[in-house]
Amino acid sequence: MLVVNRFRVPEAEAPVFRDDLERARTALAERPGHLASHVGRNVDDPTLWTLVSRWEHVGAYRRALSAYDVKLHAVPVLGRAIEEPSAYESVEPGTDLNVADSRSLG
């Protein structure tokens, strides 16, 4: 699965935000199920930043969010993300896509 977090950051805050975002990425990267991640900044709008990460599955990502180091270093930064859905499934030829439907809880 793919997680895309986007952030709107005033240019004056960019140097500190960049360090904070890298610290968040590192904390997430140390968790089981993390496959890859990187920080990016928009080439046309330097106030728009992104943290993109790939995970084995949604459960690994959700468990990572509950780890102490992630709560300490990543959650405060992720709380600044633009409010929009951030979790995406990988779409490859021949794969079945997730169905947007209610699921039974038991």
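This is a predicted model: local features need pLDDT of at least 70, side-chain atom pairs count only at pLDDT 80 or more; totals for chains, interfaces and linings use all residues.
Okay, before anything else, a definition: when I give an angle between two elements, their axes are lines fitted to C-alpha atoms, for helices over the stretch in contact, and the angle runs from 0 to 180 degrees between N-to-C directions. H1 lies across S1, S2 and S3, and runs at about 5° to S3.

So what is H1 like on its own? It covers residues 14-29, which is 16 residues, and spans 22 Å from first C-alpha to last, close to the 22 Å expected at 1.5 Å a residue.

Now, which residues of H1 are buried? Those are Ala 14, Phe 17, Leu 21, Ala 24, Arg 25, Ala 27 and Leu 28. They sit on the same side of H1, because the arc they cover around the axis is only 160°. Turn to the other side of H1 and you find Pro 15 and Val 16, both exposed. As for what the buried residues pack against, the partners include strand S1 (2-8), strand S2 (34-41) and strand S3 (48-55), and on the helical side H2 (58-65), H3 (68-73) and H4 (75-78).

Okay, the sheet. It's open, with four strands in the order S2-S3-S1-S4 and antiparallel pairing. At the edges we have S2 and strand S4 (87-88), each pairing on one side only. S4 pairs with S1 over two bridges, in the antiparallel sense, and Leu 2 is found opposite Tyr 88 in S4.

Last topic, charges. Side chains of opposite charge can pair when their charged atoms come close. How many salt bridges turn up in the whole structure? Five, and I'll walk you through some of them.

Take Glu 84 and Arg 6, whose side chains meet at 2.6 Å, N to O. Glu 84 is partly exposed at 32% relative accessible area, and Arg 6 is partly exposed at 30%.

Then there's Glu 13 with Arg 80, a salt bridge at 3.0 Å, N to O. Here Glu 13 comes from the loop between S1 and H1 and Arg 80 from the loop between H4 and S4, 67 residues apart.

Arg 23 counts as partly exposed at 41% relative accessibility, as does Asp 20 at 25%.

Methods. Residues are numbered from 1 along each chain as its sequence is written. Side-chain values use heavy atoms; hydrogens and water are left out. The expected span of a helix is 1.5 Å times one less than its number of residues. Buried means under 20% relative accessible area, exposed over 50%, partly exposed in between (1.4 Å probe, protein chains only). The arc is that of the directions from the helix axis to the C-beta atoms. Contact means heavy atoms within 4.5 Å. Two strands pair if DSSP finds at least two bridges between them. A salt bridge is a side-chain nitrogen of Lys or Arg within 4 Å of a carboxyl oxygen of Asp or Glu.
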